[in-house]
Structures are given as structure tokens and as C-alpha cells.
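This report goes through one protein model in plain terms. Please look at the sequence and the 3D view below, then read on.

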Number of protein chains: 2
Amino acid sequence: MAEELSLLGMWASPFSCRVKIALKLKGVVQYKYIEEDLFNKSPLLLKYNPINEKVPVLVHHGNPLLESLVILEYIDETWQGYPIFPKEPYERAVARFWAMFIDDKLLPAIRRACWGEEKGREKAVEEVTELLQLLEKELKEKEKRFFGGETIGLVDIVADVLSLWLRSFEEGSGVELMTREKFPKLSKWSHEFVSTSAVKENLPPKDELTVFLKNLFGS
Amino acid sequence: MAEELSLLGMWASPFSCRVKIALKLKGVVQYKYIEEDLFNKSPLLLKYNPINEKVPVLVHHGNPLLESLVILEYIDETWQGYPIFPKEPYERAVARFWAMFIDDKLLPAIRRACWGEEKGREKAVEEVTELLQLLEKELKEKEKRFFGGETIGLVDIVADVLSLWLRSFEEGSGVELMTREKFPKLSKWSHEFVSTSAVKENLPPKDELTVFLKNLFGS
């Protein structure tokens, strides 16, 4: 294989999915995908990511890359063509901010709202609503189809958790978080995002995902 | 002012300090520094960072930049001269990984070890030890003075929390975390880091810092 490129991933991981989407957008399709069993981690995963033993790991010419946000930066810097990050430094900074916002604030709040301790759930639902409102506002102000503009970019890829995964979280837990009425722009974004070909072909099957997530977090 | 540049910061914040160090390394010294009172936040801070009302905020030509890691990327992309990030994509990815590691794993563990709930402290001390060992190993393998090589770079700047702040945490809480015996490379790094002129002139006075942190976290 010309590129000597492997991706250690897991089918239900939105973080792995981000890397698959980014590679597809760049037209990088010649790589070895290795499915990891997180309950029985492979020696390869432990070798390449001994620090936190997590997927995704992208291995390029023998060099392991860890953390999906770091991998997305690397992919954009390494392969030309489709731009994942905006070109201008300020726009890049804004995109990086939202990516961190989704991972550091929104995702933990969604988990708490759906499957956190009973007594904290109501407050977590409010928190998720407030955080989603900020993203709804961002989309509204942009007046574009995607966070990236007319095509998907960093923030859209990172926000994959708000498409299929959020729906599975909602279905599995019975907690409603992102209704079409409250979040028309985000709901439209979610529909358009999952309809994008680079995304669609890399998403896991929804029903299996719902069952998997419910078993993982709900018990 | 030619650059129209302001920094909203707080004297005891290691995150604000990172931005000051980075600007100094770039030779950007003509900016307005605005000290924030975190117990009485200014309208300017609320205007520029309504989302989480935190410092640092760098305002460049009226555009607010949030989150210290994002600001460091912006500074390196905007001002030429001293390179804060490595040049090669893989080295950049490794630096970004360690920066996230420090903020997402190490710092929360340090807080728990020093001023977390009593029953979890011992475990947190063990966790900090394990995490620091990874950084010690990284420095040892590099055989360089700094994480950035012969000069300070991204990881050094982000690791500012391991210099003065960690010492203040230790003194204020009475918990020992990074002894010279266990961590000779990190201890040497810390000494060299705080002796670097761009760092030294931007550090807060240690005794005031210890008192401030103890009041903030210890009560």
C-alpha cells in the first residue's frame, strides 16, 4: 500500500467515524481498517496507544496518531485537496473553538442527561438545551447549510455526535434533547449532514447503534 | 496601536500566562493587557466570551479568540518569527496530543489530588504520578532541554502549570506530587522553563499565587 496507512477504529465510535469521514473527503480510500473490540483490546491498540488505549488511532508510515481532533488536524495538513479547516487563521480558531466546545462541554452533558445519575438528569437536560442553543444560533447566523459553509468542515465532522448518535442516545434513554421544534436549524443540519455521501457511507446502522449504546451506558 | 490587540487575562491564571509567553516569544509586545476580576467580571469579558465567561480572551482587530490552546494556534499562524509549533505535521500532532493530555487528564487529576474530595485523594495522587511518569519518559527520550527541543514550544508553554502552579498547589495543599527524586527530568525542565526570559517576566509572584490558589480551591 503506497501510503502505509491504517486506522484502528470501532464501528459505534463517533470519534472513529470522524476520521473515516475526513479520509473520505480527502479522497484517501486506500487504507487498512482494523476493527477493535474495546472489551478485548488488541496488542496493536495497546502498542500504538498505551496511554489511554482508545480508538481511533491512525497509523501513518508507522507513526501513531491519537485523539480524533488531533488526527483531523493531521489529515488536513498531510493530504491536499478538500479543505477540512478554514483557510483564514481567525476562522480556523473559531472552528477549533466549536470542536472543543462539542467534545469538552456538550458531549459530557448529553451523557449525563441521558444516562447520568438520576438526580442530576433534569439539570443536565437544561444544560444540553442551553449548549445546543449556542450551536443553533451559530448555524442561524452563518446562514449556510453547514458549519463549514456550503460544504462540511471541521465542526460538522466533530458534530457527527449530534446526528445519528444523539438520535440513538435519545431513543435508547427516552430523553428528548434536540427536537425539530426547538432546534430547526440543527435538525435540518443533521438531516443534510447524514445525507452527504462521505458521511452516509461511514455511519453505523442506527438500530444496532441504539442497542449498543444502551447496553454500554444505560446499564 | 498598529495591531489593535488586547488580552483579557487574570494574573494567577496559567492559561492567561500561556498567551503572554507566546506573544512575548513572537516579539508581540504592543498590546493592551486588561486584568479581569473573576469574582466581578467586566462587561468586556461578558461581551467577548458570553459562552463560558473565562479568561484568557485575545481580541485581535475586534475578533475575540477563546481557549488558550486555540489562541496559541492562532498566534503561531498569525505572527511569523519564533515557531511555537513544530514544522512537520507528525511532530505537530504529537505536540497537540501532549497539550490536550495536560489539560484534559493531568490538570484535573492534580486538582483532585490536592483539593479533591478526601476519599479520592490517594487514588488521584497515584494517577498524577502515572501521568507525570509519561511526561518524564517523553523528556528522557527526547534528550532535549525542553519538550520543544532546544527552545520552548507548545508543550512547554502548556506545561506551565507544572512549573510554578504545581509548586503552589503542593505548598498550599501539603500534597507532594513532583519530587526531584521521582521526576529528575521534569524537575530540571521546570527549573529551566521558569528561567527562560519570556517565561520569567510573565510569571505571577509565587507566594501570592500559593495564597490565592489555596483560597480558591482549598476552602
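## A loop and its cis peptide bond

A:Pro56 sits in the loop of chain A that runs between helix H2 (43-48) and strand S3 (57-60). Helices (H or I, at least four residues) and strands (E, at least two) are DSSP runs, numbered from the N terminus. The peptide bond that joins A:Val55 and A:Pro56 is cis, with omega about 0°. In chain B, B:Pro56 is found in the loop between helix H2 (43-48) and strand S3 (57-60), and the bond from B:Val55 to B:Pro56 is cis, with omega near 0°.

This is a predicted model, in which local features need pLDDT of at least 70, side-chain atom pairs count only at pLDDT 80 or more, and totals for chains, interfaces and linings use all residues. Residues are numbered from 1 along each chain as its sequence is written, chains are lettered from A and ligands numbered from 1 in the order in which they are written, and side-chain values use heavy atoms, with hydrogens and water left out.

## Chain A as a whole

Chain A has 10 helices and four strands. Along the sequence they come in the pattern β-α-β-α-β-β-α-α-α-α-α-α-α-α.

How does the radius of gyration of chain A compare with that of a compact globule? A compact globule of 219 residues would have a radius of gyration near 17 Å, and chain A agrees with this because its value is 17 Å. The radius is taken over C-alpha atoms, and the globule rule is 2.2 Å times the number of residues to the power 0.38. Along the principal axes, the C-alpha atoms of chain A fill a box of roughly 50 × 40 × 25 Å.

Of the 219 residues of chain A, 55% count as buried. Buried means under 20% relative accessible area, exposed over 50%, and partly exposed in between (1.4 Å probe, protein chains only). Chain A exposes about 10,400 Å², and carbon and sulfur atoms supply 51% of this area. Accessible areas come from the Shrake-Rupley method with a 1.4 Å probe; for residues, only the protein chains shown count as cover.

A contact means heavy atoms within 4.5 Å. Among the contacts in chain A with a separation of 6 or more, 69% are between residues 24 or more positions apart.

## Where chains A and B meet

In the interface, 23 residues of chain B are in contact with 23 residues of chain A. The area buried between the two chains is about 2,300 Å², and carbon and sulfur atoms give 73% of it. B:Ile51, B:Tyr90 and B:Phe97 supply 27% of the area that chain B buries against chain A, more than any other three residues. Buried area is the accessible area (1.4 Å probe) that two parts lose on being put together, summed over both.

## Some single residues

| Residue | Relative accessible area | Class |
|---|---|---|
| A:Ile102 | 0% | buried |
| A:Lys206 | 27% | partly exposed |
| A:Glu143 | 69% | exposed |
| B:Glu53 | 32% | partly exposed |
| B:Leu45 | 0% | buried |

A:Ile102 belongs to helix H4 (residues 89-115) of chain A. Leaving aside neighbours within four places in sequence, A:Ile102 has contacts that include A:Arg18, A:Leu135 and A:Val155. A:Ile102 and A:Leu186 are 84 residues apart along the chain, and their C-alpha atoms are separated by 14 Å.

A:Lys206 lies in helix H10 (residues 206-217) of chain A. Apart from neighbours within four places in sequence, A:Lys206 is in contact with A:Leu164, A:Arg167, A:Ser168 and A:Glu171.

Where is A:Glu143 placed in chain A? A:Glu143 is in the loop between helix H5 (121-142) and helix H6 (154-158). Phi of A:Glu143 is near 50°, a positive value in a residue other than glycine. B:Glu53, in the loop between H2 and S3 of chain B, also has a positive phi in a residue other than glycine, near 55°.

B:Leu45 is in helix H2 of chain B. Not counting residues up to four places away in sequence, B:Leu45 touches several residues, including B:Leu8, B:Pro50, B:Glu53 and B:Val55. B:Leu45 and B:Ile34 are 11 residues apart in sequence and 9.7 Å apart in space, C-alpha to C-alpha.
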